[in-house]
Amino acid sequence: MNEDRSTRRARRLLVTGGAGFIGSNFVLHWCEKHKSDRLIILDLLTYAGNRNNLASLEENENFRFVRGDICDRSLVDKLLAEEEINTVAHFAAESHVDRSILGPDAFIQTNVVGSFTLLESFRQYWLKKGRSTDFLFLHVSTDEVYGSLNPEDPPFSETTPYAPNSPYSASKAGSDHLARAYYHTYGLPTIITNCSNNYGPYHFPEKLIPLMSINILLGKPLPVYGDGQNIRDWLYVGDHCSALDVVIYKGKPGETYNIGGNNEVKNIDLVNKICAIADELAPNLPVRPARELITFVKDRPGHDRRYAINATKIKTELGWTPQETVEGGLRKTIQWYINNPDWWQPLLTPEYQEYYRQVY
Ligand code: NAD
Ligand code: DAU
């Protein structure tokens with residue numbers, strides 16, 4: 001008998017990319033909030049994946065970690081059947097714009113081919129299970145698919161036309177189109193979420209906020225691209241996880257939901273804020289005030305000027321709003337990086353240094 005997602009209690013989730021930044025925050029959130037649910041993590045553990053993020057769950061019998069590739073169709077088929085999965089939460093991706101500029105191949109493979117592999121495998125399994133209405137494929141995507149805004153433009157809504165500008169955002173756009181097509185063509189229950197810039201614990205050092213926080217702690221230059229006037233809409237990762245929780249339970253198949261923080265900030269203002277908070281929170285900074293480390297460097301090719309999200313739909317239809325302010329979220333995040341050098345120091349590998357040399 002088919003059951004509805006909103007009434008059913010225990011869910012069986014396949015979380016792809018669950019060892020990455022947002023994926024691991026989501027897994028920790030889910031295990032805390034929905035203790036009786038089963039969670040299978042499928043993660044290739046690329047440079048961005050870190051099993052230590054999930055160390056606290058290793059003894060939990062409802063949790064299973066599988067190292068593998070979302071492009072591996074037979075592995076995905078096997079996991080769906082063996083674990084009787086009814087929900088795919090798809091986070092796995094190559095996620096960094098600068099890396100997509102240096103080498104787009106992996107982005108097409110994982111983000112497009114990998115997403116297609118998951119959708120097709122899930123569709124076949126869903127058909128075998130009599131097209132259960134209890135099934136859901138949650139495709140976690142980005143606001144970058146909408147392109148770049150001018151200062152006077154209204155924020156991105158769910159009906160803004162797609163205009164991706166980087167190989168990363170183009171590959172995510174491709175996967176969004178596939179998720180949409182699987183709903184319209186086959187009726188597979190898919191939902192797409194397009195979210196703005198996240199920040200918080202377990203964020204890999206290559207991204208703006210962890211990079212600036214770590215460089216301050218190390219007394220290294222803080223490289224701001226171009227004129228520093230680009231704008232991003234910052235969302236604390238815990239707020240993203242609570243939004244996805246609501247979408248999984250109450251979201252409507254075939255729909256798209258934009259998720260944002262209502263926090264538009266210019267990069268240079270954000271970096272100054274990080275410096276001021278670090279000056280206050282970190283006792284032994286090598287350079288103080290930290291803002292003396294700010295250095296303007298050459299711009300990112302094709303750098304999108306502004307992102308902003310109109311999150312009215314998820315607020316009015318599903319009742320979600322972000323809870324964290326930028327000030328509060330940044331303080332928590334910077335304190336986390338101060339407290340956890342054992343997490344980030346091992347990530348500054350020779351490979352990472354080589355990547356850093358190429359970009360900066
Ligand atoms: P991340 O780079 O931190 O993590 C990606 C994870 O996917 C890693 O654990 C990695 O090992 C895994 N992975 C990569 N290729 C894989 C493959 N072929 N098979 C299995 N696992 C693989 O990324 P993130 O920042 O946590 O982003 C997660 C998702 O959210 C992505 O789809 C991204 O596009 C989207 N998103 C991110 C943000 C953001 O600000 N970080 C905002 C909006 C949307
Ligand atoms: O908008 C959502 C997207 O946010 C996600 O889809 C991506 O996965 C995620 O990486 C992020 O993309 P951005 O390119 O916006 O994030 P990043 O942290 O790389 O950069 C944020 C801004 O800071 C951007 O305008 C570029 C700038 N920047 C970044 C770095 C790493 C700098 O000025 N200096 C830097 O060293």
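This is a predicted model: local features need pLDDT of at least 70, side-chain atom pairs count only at pLDDT 80 or more; totals for chains, interfaces and linings use all residues.
Let me begin with the second largest pocket, to whose lining α5, residues 167-186, and β6, residues 190-195, each supply at least two residues. The helix α5 gives the most to that lining, with 6 residues. The space in this pocket comes to about 270 Å³, and of the 16 residues that line it, those closest to the centre are E158, R180, I192, G254 and T256. Sorted by class, the lining holds 5 nonpolar, 6 polar and 5 charged residues.

I turn now to helix α10, which runs over residues 326-339 and, with its 14 residues, spans 20 Å from the first C-alpha to the last, close to the 20 Å expected at 1.5 Å a residue. Which residues of α10 are buried? They are V326, G329, L330, T333, I334, W336 and Y337, and because they cover an arc of only 155° around the axis, they sit on the same side of α10. As for what covers these buried residues of α10, the list includes the strands β7 (197-199), β9 (231-236) and β11 (264-266), together with the helices α6 (208-218), α8 (267-281) and α11 (341-344).

One of those covering elements, α6, is itself mostly covered, given that 8 of its 11 residues are buried, namely I209, P210, L211, M212, S213, I214, N215 and I216. After α6 comes G219, which has a positive phi, near 70°.

E84 is not a glycine, yet its phi is positive, at about 45°; E84 is located in the loop between α2 (73-82) and β4 (87-90), and with a relative accessibility of 48% it counts as partly exposed, since the exposed class begins over 50%. N262, also a residue other than glycine, has a positive phi near 55° and is placed in the loop between β10 (256-259) and β11. Its relative accessible area is 58%, so N262 is exposed.

How values were computed
Residues are numbered from 1 along each chain as its sequence is written. Chains are lettered from A and ligands numbered from 1 in the order in which they are written. Side-chain values use heavy atoms; hydrogens and water are left out. On a 1 Å grid over the protein atoms alone, a cavity is a set of points where a 1.4 Å probe fits but cannot get out, and a pocket is an open set with protein on both sides within 12 Å along at least five of seven lines; lining residues have an atom within 4 Å of a point. Grid points are joined across faces, edges and corners, and a volume is the space filled by probe spheres set on the points. Helices (H or I, at least four residues) and strands (E, at least two) are DSSP runs, numbered from the N terminus. Ala, Val, Leu, Ile, Met, Phe, Trp, Tyr, Cys and Pro count as nonpolar, Asp, Glu, Lys and Arg as charged, and the others, Gly among them, as polar. The expected span of a helix is 1.5 Å times one less than its number of residues. Buried means under 20% relative accessible area, exposed over 50%, partly exposed in between (1.4 Å probe, protein chains only). The arc is that of the directions from the helix axis to the C-beta atoms. Contact means heavy atoms within 4.5 Å.
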